[in-house]
Structures are given as structure tokens and as C-alpha cells.
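Work through these exercises with the structure in view. Try each task before you read its solution.

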Amino acid sequence: MNGLAKICWITAPIYAVLGMIFGVVMAASGDHTLAPAHGHLNLLGWATIALYGTFYTLVPKAAESRVAKLQVLLAELGVLVIVPGIAMAVMGQGEGLAKAGSLLILAGMLLFAVTVMRSVESAPVRA
């Protein structure tokens, strides 16, 4: 398994476990105020990072580019910034961190689109 896929496959389940713990704590307390942060942790941390890991596992050549490495870095940083940023925004402590995280996530997804398109263009056609 290549390095980018490995990073994604290590961090995605960690995000999933953290998201589940977050959900259990909300359920136990009856306070679901931070549900948007919980949802973004699950969607961006678990689902999206796992999908990146799947792509880089299935298309290992794509993981060799600098664009792909930057893409994973931005995606991982984005998760780590946006989740507490959303929690802070929901609690009325400002939206700056959530906005910064959103931009990191968006930049990562745009680079992923570039990586996928480059991979499709260079892939041999099979009948």
C-alpha cells in the first residue's frame, strides 16, 4: 500500500471512532448543540478521507504526484481545523476557524479533482 493510501486508511477510522464517541456523549448528555461539528467530523473525517484512501489504493500511480500529496495534507488539515471551528461557531465564539477549515477542505477537493482527471487521462483504455 502506498504512503498516501496508508495515511488515509490510518486516519479515517480514527475520525470515525472520534465521531462515534462525540455522538455518544451528545446522546448521553441530551445536548445536541454540537451536532453540526459531529456530522462534519463523520462526513469529512471518516467518509471523505476513506474515499481518498480507496482511490489511492486502487490507483497507486496517482499517489506519486506532488499534487496528490498536497491534496491529502490539505484534506487532513482541513478536518482538524473545520471541526473545532464549527463547534466554536455554533457556540458563538466566531467563525474564523470554520471558514479557514472550509477553504482547506475545498482546496483539497479541488486538488483531488485534478488528480482524478489526470489519472483518467493517463489511464489505458481497456475493452
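**Exercise 1.** Which residues make a nonpolar surface patch of about 540 Å²?

Solution. Keep in mind that this is a predicted model. The patch is made by Ile 10, Ile 14, Val 17, Leu 18, Ile 21 and Val 25. Now take one of them, Leu 18. Leu 18 sits in helix α1, which covers residues 3–29. Its relative accessible area is 44%.

**Exercise 2.** Decide how helices α2 and α3 run: roughly parallel or roughly antiparallel?

Solution. Find the helices first: α2 spans residues 35–58 and α3 spans residues 66–90. Next, take the packing angle, about 170 degrees, with the axes 8 Å apart. Angles over 145 degrees count as roughly antiparallel. Therefore α2 and α3 are roughly antiparallel to each other. Finally, look at the contacts. The α2 side includes Leu 41, Leu 44 and Ile 49. The α3 side includes Val 72, Val 79 and Ile 86.

**Exercise 3.** Is Leu 58 buried or exposed?

Solution. Locate Leu 58 in helix α2. Its relative accessibility is 66%. Exposed means over 50%, so Leu 58 counts as exposed. Then check Ala 5, 53 residues away along the chain. The C-alpha atoms of Leu 58 and Ala 5 are separated by 9.1 Å.

**Exercise 4.** Which residue forms a salt bridge with Lys 61?

Solution. The structure holds one salt bridge. Glu 64 is the partner of Lys 61, and their closest N and O atoms are 3.6 Å apart. The cut-off is 4 Å. Side chains of opposite charge can pair when their charged atoms come close. Glu 64 is exposed at 52% relative accessible area. Lys 61 counts as exposed too, at 66%.

Technical notes
Residues are numbered from 1 along each chain as its sequence is written. This is a predicted model: local features need pLDDT of at least 70, side-chain atom pairs count only at pLDDT 80 or more; totals for chains, interfaces and linings use all residues. Side-chain values use heavy atoms; hydrogens and water are left out. Patches are made of residues with over 30% relative accessible area and no salt bridge: like charges are joined within 9 Å, nonpolar side chains (Val, Leu, Ile, Met, Phe, Trp, Tyr) within 5 Å. Accessible areas come from the Shrake-Rupley method with a 1.4 Å probe; for residues, only the protein chains shown count as cover. A salt bridge is a side-chain nitrogen of Lys or Arg within 4 Å of a carboxyl oxygen of Asp or Glu. Helices (H or I, at least four residues) and strands (E, at least two) are DSSP runs, numbered from the N terminus. Buried means under 20% relative accessible area, exposed over 50%, partly exposed in between (1.4 Å probe, protein chains only). Axes are lines fitted to C-alpha atoms, for helices over the stretch in contact, and angles run from 0 to 180 degrees between N-to-C directions. Angles under 35 degrees count as roughly parallel, over 145 as roughly antiparallel, 65 to 115 as roughly perpendicular and the rest as oblique. Contact means heavy atoms within 4.5 Å.
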